[in-house]
Amino acid sequence: MAGKLMHAVRYTNCGGGPSDLKYVEVPVPTPKEDEVLIKVEAASISPIDWVIQQGGLTPLLPRVLPQIPGTDVAGEVVDVGSGVKNVKAGDKVIAMTGFFNGGGLAEFVVAKANLTVIRPLEVSAAEGAGIPSAGLMAHQALTDSAGLKLDGTGKPTNILITNASESVGNYAIQLAKLGNAHVTATCAPEHIDLAKSLGADEVVDQTTPDGQALKSPSGKKYDIVIHWGEPTSWSAFEPHLASNGKIFDIKPTPSSIKAYALKKLTFSKKELIPVILSCKAENMDFLAKLVKEGKVKTVIDSKYSLSNPEDAWAKNAENKIFGKIILEP
């Protein structure tokens with residue numbers, strides 16, 4: 001498709017708002033040897049996309065300007081590089097492009113073949129597009145980091161999930177319940193019933209004193225905390241942790257990394273452990289199959305047209321959503 005044009009959403013500077021996103025024509029990208037070209041059927045955006053556009057990760061991200069944001073897509077393969085063996089033209093797929101590359105908010109996108117998996121026919125494009133970054137982070141924090149067994153064969157576990165309104169929290173609640181855990185979640189008051197519908201055993205209004213104190217309504221001590229909320233001091237967590245409780249911080253800050261180092265130095269059984277996303281295709285495939293089987297669902301907050309991205313971007317910035325924001329060409 002060399003020489004052809006497509007529509008895409010992009011911004012040219014950091015620090016602006018929704019109005020800085022423009023719907024423009026740009027060349028269709030060409031896949032390299034280890035890449036696939038995907039006709040996008042749905043893409044999702046995440047809070048980190050807003051942070052990147054605001055310059056919150058400068059100078060690391062965005063790598064180049066102008067930038068086409070978005071990392072999580074679902075669509076149909078239209079071309080593959082010479083070294084690609086796992087998918088072919090015509091396959092329906094889910095893919096993650098990575099935060100360094102972006103490119104998801106477009107009619108076509110290139111993705112690495114090793115981060116592209118077949119999408120089951122039972123999983124819609126919108127559902128598939130919601131899986132990659134949020135689902136992978138929840139899965140990694142609970143399994144690779146916390147050691148939870150999702151087949152329910154592990155010992156009884158009490159888990160706290162903060163800011164469960166957002167998509168990572170949505171997936172984390174459902175995955176934790178597959179692991180037969182008792183789940184306490186914090187979220188905005190308007191989302192309490194939704195969090196319960198995903199399986200949370202206890203839900204605390206995060207705007208109340210008990211919610212801000214991270215206190216379990218039943219007084220349970222937490223074996224595992226999946227922390228996806230605002231930066232929180234160790235002193236807020238510590239009284240509610242079991243004797244060997246672990247906090248897995250998905251939004252690590254310099255202070256949380258300092259707390260991690262300090263607990264290591266003092267040989268404390270209670271720890272705060274930063275978690276950095278490591279994308280694995282086999283985990284994305286596993287999550288897609290769970291969605292296919294109805295064991296996990298992608299919660300969709302709202303859908304927007306790719307040609308009018310401003311409202312979607314503004315809603316993403318408000319941080320008051322429950323689930324994924326989806327854009328469709």
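Because the model is predicted, local features need pLDDT of at least 70 and side-chain atom pairs count only at pLDDT 80 or more, whereas totals for chains, interfaces and linings use all residues. Residues are numbered from 1 along each chain as its sequence is written, and side-chain values use heavy atoms, with hydrogens and water left out.

The parallel sheet is open and consists of 6 strands in the order S10-S9-S8-S11-S12-S13; strands here are DSSP runs of E with at least two residues, helices are runs of H or I with at least four, and both are numbered from the N terminus. Two strands pair if DSSP finds at least two bridges between them, and the edge strands S10 (202–205) and S13 (271–274) each pair on one side only. Neighbouring strands of this sheet are turned against each other by 20 degrees on average, direction ignored, where axes are lines fitted to C-alpha atoms (for helices over the stretch in contact) and angles run from 0 to 180 degrees between N-to-C directions. Helix H4 (residues 167–178) lies across strand S8 (158–161) and S9, and runs at about 170 degrees to S9.

H4 is also among the elements that cover the buried residues of helix H9, together with strand S5 (92–96), strand S7 (116–118), helix H2 (125–129) and helix H3 (132–145). Buried means under 20% relative accessible area, exposed over 50%, and partly exposed in between, with a 1.4 Å probe and protein chains only; the buried residues in H9 are Ala281, Asn283, Met284, Leu287, Ala288, Leu290 and Val291. The expected span of a helix is 1.5 Å times one less than its number of residues, so the 12 residues of H9 (residues 281–292) should span 16 Å, which agrees with the 16 Å between its end C-alpha atoms. After H9 comes Gly294, whose phi is positive, near 80 degrees.

H3 is largely enclosed by the rest of the structure, because 12 of its 14 residues are buried, including Pro132, Gly135, His139, Gln140 and Thr143. Gly147 follows H3 and has a positive phi, near 80 degrees.

Elsewhere, strand S3 (residues 35–45) is mostly covered, with 9 of its 11 residues buried. S3 runs antiparallel to S4, to which 8 bridges join it, and in that pairing Val40 stands opposite Gly75. S3 also pairs in the antiparallel sense with strand S6 (residues 108–112) over 5 bridges, where Val110 is the bridge partner of Leu37, and with strand S15 (residues 324–328) over 3 bridges, where Ala43 stands opposite Leu327.

The loop between helix H1 (47–53) and strand S4 (72–80) holds Gln67, which counts as buried because its relative accessibility is 5%. Leaving aside neighbours within four places in sequence, Gln67 is in contact (heavy atoms within 4.5 Å) with Val9, Arg10, Tyr11, Pro62, Phe99, Asn101 and Gly102.
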